[in-house]
Amino acid sequence: MGIAASELSKYVIRPTLLYLGRPSATAEALLLGTAATQSALGEALHQRQGYGLYGIGAASHLQL
């Protein structure tokens, strides 16, 4: 089960960008598009490696 694109944007991406002091419609669209491409908005999480919607690898996760 995934998440609706509008809900991901409204409740996760936009608030996170605001919290980081980086509100941007362009960044929001890029992050939403990347989540859709990498995991089909959560539908394919069990079929891939990496963490979360974006499939971040272990090394990148630790660096962040």
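User: Which pattern does the chain follow, read along the sequence?
Analyst: This is a predicted model. The chain holds three helices and zero strands. Along the sequence, the pattern is therefore α-α-α.

User: Where is Glu28 found, and is Glu28 buried or exposed?
Analyst: Glu28 is found in helix α2, residues 25–39. Its relative accessible area is 13%. A residue counts as buried under 20%, so Glu28 is buried.

User: Which residues does Glu28 touch, not counting residues up to four places away in sequence?
Analyst: Contact here means heavy atoms within 4.5 Å. Ser9, Ile13, Arg14 and Leu17 belong to the part of α1 that meets α2. Not counting residues up to four places away in sequence, Glu28 touches Ser9, Ile13, Arg14 and Leu17.

User: Are α1 and α2 parallel, antiparallel, perpendicular or oblique to each other?
Analyst: Helix α1 spans residues 5–19 and packs against α2 with the axes 10 Å apart. The angle is about 130°. Angles of 65 to 115 degrees count as roughly perpendicular and those over 145 as roughly antiparallel, so α1 and α2 are oblique.

User: How do the residues of the contact of α1 with α2 divide into nonpolar, polar and charged?
Analyst: From α1 come Ala5, Leu8, Ser9, Ile13, Arg14 and Leu17. They meet Ala27, Glu28, Leu31, Leu32 and Ala35 in α2. The residues divide into eight nonpolar, one polar and two charged.

User: What share of the accessible surface of the chain belongs to carbon and sulfur atoms?
Analyst: Of the 64 residues of the chain, 17% count as buried. The accessible surface comes to about 4700 Å². The share belonging to carbon and sulfur atoms is 59%.

Terms used: Residues are numbered from 1 along each chain as its sequence is written. This is a predicted model: local features need pLDDT of at least 70, side-chain atom pairs count only at pLDDT 80 or more; totals for chains, interfaces and linings use all residues. Side-chain values use heavy atoms; hydrogens and water are left out. Helices (H or I, at least four residues) and strands (E, at least two) are DSSP runs, numbered from the N terminus. Buried means under 20% relative accessible area, exposed over 50%, partly exposed in between (1.4 Å probe, protein chains only). Axes are lines fitted to C-alpha atoms, for helices over the stretch in contact, and angles run from 0 to 180 degrees between N-to-C directions. Angles under 35 degrees count as roughly parallel, over 145 as roughly antiparallel, 65 to 115 as roughly perpendicular and the rest as oblique. Ala, Val, Leu, Ile, Met, Phe, Trp, Tyr, Cys and Pro count as nonpolar, Asp, Glu, Lys and Arg as charged, and the others, Gly among them, as polar. Accessible areas come from the Shrake-Rupley method with a 1.4 Å probe; for residues, only the protein chains shown count as cover.
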